[in-house]
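New notebook page. I'm opening this model for the first time and jotting down what I look up as I go.

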Amino acid sequence: MDETERQSADRAGDAQGWDTAKTLAEALPYIQIYDRKTVVIKYGGHAMGESAVAKQFAADVVLLKLMGVNPVVVHGGGPQISAMLEKAGVKSSFVDGLRVTDADTMQVAEMVLSGAVNKEIAHWITMAGRKADVRGIGLSGKDAGLLTVEKTRRTRKDPDSMIEHEVDLGFVGEPTRVDPKLIVRLLESDADWVPVIAPIGVADDGQTFNVNADTVAGALAGSLNAKRMLLLTDVPGVKGADGEIIRQMTVGEASKLIEDGVATGGMIPKLQTAMAAVRDGVEAVVILDGRRPHAMLVELFTEHGAGTLVKAEG
Ligand SMILES: Nc1ncnc2c1ncn2[C@@H]1O[C@H](COP(=O)(O)OP(=O)(O)O)[C@@H](O)[C@H]1O
Ligand SMILES: CC(=O)N[C@@H](CCC(=O)OP(=O)(O)O)C(=O)O
């Protein structure tokens with residue numbers, strides 16, 4: 001509290017201040033667990049919603065940084081790409097939650113992801129952290145050779161002939177190599193830098209690819225040996241067959257949800273990413289509602305947690 005606030009505060013009825021202090025004190029064990037640990041945060045396009053919500057997200061990221069966590073933000077922007085494509089009169093379709101990406105779509109996707117969305121999030125982090133010199137740094141998988149990809153292959157069985165044929169997704173890629181040197185340098189620096197990464201990758205021949213943002217977050221979390229990966233989306237967690245949110249599940253249970261068709265659309269790459277990240281050594285992945293103010297803080301710093309946690313078997 002600064003001096004002006006102190007003068008105007010109603011000191012007699014300040015029970016709220018004591019509650020706040022109690023909450024902070026109770027967070028101490030969790031603050032120590034995450035001290036100087038890397039937490040990869042995937043911020044989905046659906047979670048961004050209105051700018052007030054996104055600004056609140058940026059403020060929470062700054063708070064995490066000042067509490068000693070090393071947040072790395074990977075963002076999506078699916079709905080924002082769709083809106084821009086619609087304006088341009090370009091039709092878009094999805095296969096298993098992945099956008100079929102022709103050359104025109106690729107151009108729009110990169111413009112929206114690396115241009116508009118990336119710079120906006122990095123800027124809001126810088127704005128929210130300016131008094132403490134916390135700075136957002138906007139990058140994409142193209143910068144410093146961060147993300148190498150190869151073309152994603154998908155096959156489908158024709159229901160009549162039962163013959164498998166390839167579905168061409170165009171310029172959709174999946175990570176083959178992550179070179180996290182630049183990110184590690186940024187995190188190790190004494191400066192409070194927060195990397196913000198757009199999900200664009202480059203193939204060995206130099207071609208630019210559109211990559212699902214969950215997949216990028218997972219690959220990066222694995223290569224950084226992150227303590228946690230948080231997937232912020234527009235649902236309170238993963239729903240089971242009964243429609244209830246599942247609080248915790250193993251990698252095997254996550255796989256079964258996809259097999260049984262309980263997880264569909266965008267939830268498929270999310271769960272596949274969570275499973276791969278856990279197998280790569282990320283301690284746990286949490287899928288949670290990014291539209292709810294302070295969801296990340298509830299997950300990391302309270303005993304309740306938020307959303308659905310995916311962890312290894314046993
Ligand atoms: N079992 C499930 N539990 C929760 N959400 C699910 C499930 N199956 C499919 N979904 C869908 O997945 C969506 C989240 O994925 P997506 O739209 O790609 O989000 P984002 O843009 O945040 O990455 C939810 O809004 C929901 O409609
Ligand atoms: C290949 C593919 O599907 N790429 C995504 C990239 C953005 C993304 O993943 O955004 P969300 O996290 O908001 O869904 C797309 O074009 O929509």
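Which helices and strands each supply at least two residues of the shell around ligand 2? I found H4, helix H6 (78-87) and strand E4 (98-99). (Helices here are DSSP runs of H or I with at least four residues, strands are runs of E with at least two, and both are numbered from the N terminus.)

Housekeeping: this is a predicted model, where local features need pLDDT of at least 70 and side-chain atom pairs count only at pLDDT 80 or more, while totals for chains, interfaces and linings use all residues. Residues are numbered from 1 along each chain as its sequence is written, and chains are lettered from A and ligands numbered from 1 in the order in which they are written.

**Ligand 2**
I listed 17 residues around ligand 2, with Gly45, Gly76, Gly78, Arg99 and Ala213 the closest. (A residue is near a molecule if its C-beta atom, placed from the backbone, lies within 6 Å of it.) That shell divides into seven nonpolar, nine polar and one charged residue. (Ala, Val, Leu, Ile, Met, Phe, Trp, Tyr, Cys and Pro count as nonpolar, Asp, Glu, Lys and Arg as charged, and the others, Gly among them, as polar.)

**Ligand 1**
Ligand 1 has 19 residues around it, the closest being Gly44, Thr233, Lys239, Gly266 and Met267. By class I get six nonpolar, 10 polar and three charged. Helix H4 (45-48) and helix H11 (267-279) each give at least two residues to this shell, and H4 gives the most, with three.

**The whole protein**
I see 12 helices and 16 strands. The radius of gyration is 20 Å, close to the 20 Å of the globule rule for 314 residues, so the protein is as compact as a globular protein of that length. (The radius is taken over C-alpha atoms; the rule is 2.2 Å times the number of residues to the power 0.38.)

**The sheet**
Eight strands form an open sheet, in the order E5-E10-E2-E1-E13-E15-E16-E14, with mixed pairing.

Which way do E15 and E16 pair, parallel or antiparallel? Strand E15 (residues 284-289) and strand E16 (residues 308-311) are antiparallel, over three bridges. I also noted that isoleucine 287 has threonine 308 in E16 as its bridge partner.

Key
Two strands pair if DSSP finds at least two bridges between them.
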